[in-house]
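Please look over the notes below alongside the model.

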Amino acid sequence: MKLLFLLLFGISILYAKSNDTCYSVQLTSFKFKKNSTYNFAEQNYPKSCRLISFSNINSVRCGCFEKYRDARASLKKLSQKYPNPIIVTTYKYRFQKKVKKTLKKRQKKSIPKIAQVLQEPLHVNETAQQKETSKFLDDLSYRGNISITLQSYMKAPAGKEKQNALVSANFEAKYIKDNFTGFAKVRVQQDYYDLQGSAKHTKRSFVRLDELYGSYDFEDDSILVGKNILFWGALEVRNFVNVFNPDELRADPFYTDKLGVINASYTHYTESGEFSAIIKLYEQNRKMPAYPYVYYYFPATLKVAPNVTLPLVYKEKLKTKASPYRPSIYLKYSDSTDTEYALDYAFIFENGYDSQRYYTQTLQADNTVTTEENAYLANKFMTYDTLVIGATLYKLEATFADILDDTLVSDYIHVGIGAEHTLSQVYKEADLGLLVEYYRYITLQSGKKDDLALFELFQNDLFLGLRYSFNQGNDASIVGGGIFDLDYNEQVYYMEYQTRVMDTFKLNFDYRYISPSKNYNTAFKLMGAHERISLKLGYYF
């Protein structure tokens, strides 16, 4: 009930609006550089749109609506032509078509540039930008979603739940003032079994602050301080170079859910790319769901002697040889080529804690055994790249890790290569993508933890799949295929369907089947034969 109250309270705040404001649809927001001009008329925006200028930040906003549902109707129409429009709250006076006639001539002479903004400006220069001081609501935008996920497990380990229901919500708010940007994102999650308070509880319910940061833009540079989430990678099935943020262990493991980390970064923008230096300030502990949840992988008990079996308990505290507050440093350079063959590439160097972890068990005085997550330091060299040649997209992710402070873990190489070839208009407007990816994980030192001990799933795996895009304006697509372990004879088959409904709802359905190894102690074998269906319905605002 507390989480439900927080949801309702958050929504009421988001929809709060004064009599001086209205709802508007923002199409774009961009930085206005010195000595540059912007011809609004040449962009052919709808007549309801205005160019709103705040110092060197500009926004294109369309319509001024008293009711939120009217703004949603406009958003639906505009989204057919413009990518990713959002609803914002703005002041009504910005959409007044003319200044009142009662103004005296002397008053009119004092505000010629403001009048250009109040009307539909055709030309904006630096002087016009500096005449108007924006107010808080004009600089604030927000969006979010509320979803319900229903899952049924036709095959699952004994003693685990056979069905699951989860309500989740994400709220985002962005504030832009001149060169400053502030951003916050909160996730709320409530599991059905946690509400019951029975032995089936999963401990998957939480309120989590994912991001809270401020950034400041200079001419060709920016700085950021706070908590945020970054994405790195190119492949379809698994992005093993996406190491900046740790995974949320209480989430569905088949979908990416990252924890925000506190860091500071400096970025310099070149003509076609960027260089970033990032300092992650600490390595955080990770919570685990309770035993009844299907994706809690540890057994309830552990055999420590021929006739002695003790309870096994996950200990949340992360074990490190150095302090968990020892910073991790990342240097990243990314760029794109302006040639016949479009190449996007990124190189990353890390000195700090590896994203790969392992677990150890310790016998406690109360006759329980605790299992703990271990982190260690490494130098890592990573790259992820995409190349487009004709109708084919080629992908690469590669990592080399030099382990620094742990004698149990070997240096390793992890490589993934892939390609996606698109057949256009195979049926009416629909496109068909043919997907293939191969993953290889190699330890470089014998006698140390191998891929089985580290529960590395993509050590010698081939993925074959298809992507069918309907191209009917509702983002409907089907992605599916099989992952085949060439060493341990494991197979994973899946199919995902997603679409938008009335531009406000998103529907996602997926089916997964896992056939684990019979002879090797892999992570999938610990989970056992697995089959599930999942249905997710989300409301987006």
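Is C22 buried or exposed? C22 counts as buried because its relative accessibility is 0%; buried means under 20% relative accessible area, exposed over 50%, partly exposed in between (1.4 Å probe, protein chains only).

1. Basis. This is a predicted model: local features need pLDDT of at least 70, side-chain atom pairs count only at pLDDT 80 or more, and totals for chains, interfaces and linings use all residues. Residues are numbered from 1 along each chain as its sequence is written, and side-chain values use heavy atoms, with hydrogens and water left out.

2. Disulfide C22–C64. A search of the whole structure finds two disulfides (cysteine sulfur atoms within 2.5 Å). In one, the sulfur atoms of C22 and C64 lie 2.0 Å apart. The link is left-handed, with -110 degrees about the S-S bond. It joins distant parts of the chain: C22 sits in strand β1 (residues 21–31) and C64 in strand β3 (residues 57–65), 42 residues apart. Strands (E, at least two residues) and helices (H or I, at least four) are DSSP runs, numbered from the N terminus. C64 counts as partly exposed, at 32% relative accessibility.

3. Disulfide C49–C62. Here the S to S distance is 1.8 Å. The torsion about the S-S bond is about 95 degrees, so this disulfide is right-handed. C49 lies in strand β2 (residues 49–54) and C62 in strand β3, 13 residues apart. C49 is buried at 0% relative accessibility. C62 is buried too, with a relative accessible area of 0%. With the bonded cysteines numbered in sequence order, the pairing is 1-4, 2-3.

4. Cores. A nonpolar core is a set of buried Ala, Val, Leu, Ile, Met, Phe, Trp, Tyr and Cys residues joined through side-chain atoms within 4.5 Å. The largest has 30 residues, of which W232, Y330 and Y384 touch the most other members. Elements giving two or more residues to this core include β15 (342–353), β18 (377–389) and α7 (523–527). A second, separate core of 19 residues includes V25, C49, L78 and A169.

5. Y330. Which residues does Y330 contact, leaving aside its neighbours within four places in sequence? Among them are W232, V243, F244, I348 and E350. Contact means heavy atoms within 4.5 Å.

6. L331. L331 is in strand β14. L331 counts as partly exposed because its relative accessibility is 35%.
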